[in-house]
Amino acid sequence: QVQLVESGGGLVQAGGSLRLSCAASGSIFSFNAMGWYRQVPGGQQRDLVTSITAGGSTNYADSVKGRFTISRDIAKNTVYLQMNSLKPEDTAVYYCNARPWVATMPSSWGQGTQVTVSS
């Protein structure tokens, strides 16, 4: 199974920026799409933040549009999440996700990285 390793989380003040990285153990074209989810403190589910398909199409949650940008480095098998103008409500554990081409196969998840935005 593919391994996803995240990095780049941390503590930042409101208005600041962070960049998360997700390195995959194989080619990112092995997946139909890759994306970032987040789980807020005490939350029961992981919510989609943004994703990018193998073809390069992106989508964003309304709450992060204009502030967050997903990108990828194909040669490094890495997906990035650039987060600008961070708000306290962006505080969450961020998870990288890789969705397989076969819909019946399970997605792969990273271990998660904590992002804390102070007011």
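1. Arginine 38 is buried, at a relative accessible area of 11% (buried means under 20%, exposed over 50% and partly exposed in between, with a 1.4 Å probe and protein chains only). The model is predicted, so local features need pLDDT of at least 70 and side-chain atom pairs pLDDT 80 or more, while totals for chains, interfaces and linings use all residues. Residues are numbered from 1 along each chain as its sequence is written, and side-chain values use heavy atoms, without hydrogens and water.

2. Arginine 38 makes a salt bridge with aspartate 90, with 3.0 Å between the closest N and O atoms (a salt bridge is a side-chain nitrogen of Lys or Arg within 4 Å of a carboxyl oxygen of Asp or Glu). Aspartate 90 sits in the loop between strand 8 (78–83) and strand 9, and arginine 38 in strand 4 (residues 31–39), so the pair ties together parts 52 residues apart in sequence. Strands are DSSP runs (E, at least two residues), numbered from the N terminus.

3. Aspartate 90 also meets arginine 67 in a salt bridge (2.7 Å, N to O). Aspartate 90 is buried, at 0% relative accessibility.

4. Aspartate 62 forms a salt bridge with lysine 65, at 3.1 Å between the closest N and O atoms. Aspartate 62 is exposed, with a relative accessible area of 63%.

5. Strand 11 pairs in the parallel sense with strand 2 (residues 10–13) over four bridges (pairing requires at least two DSSP bridges). Glycine 10 stands opposite valine 115.
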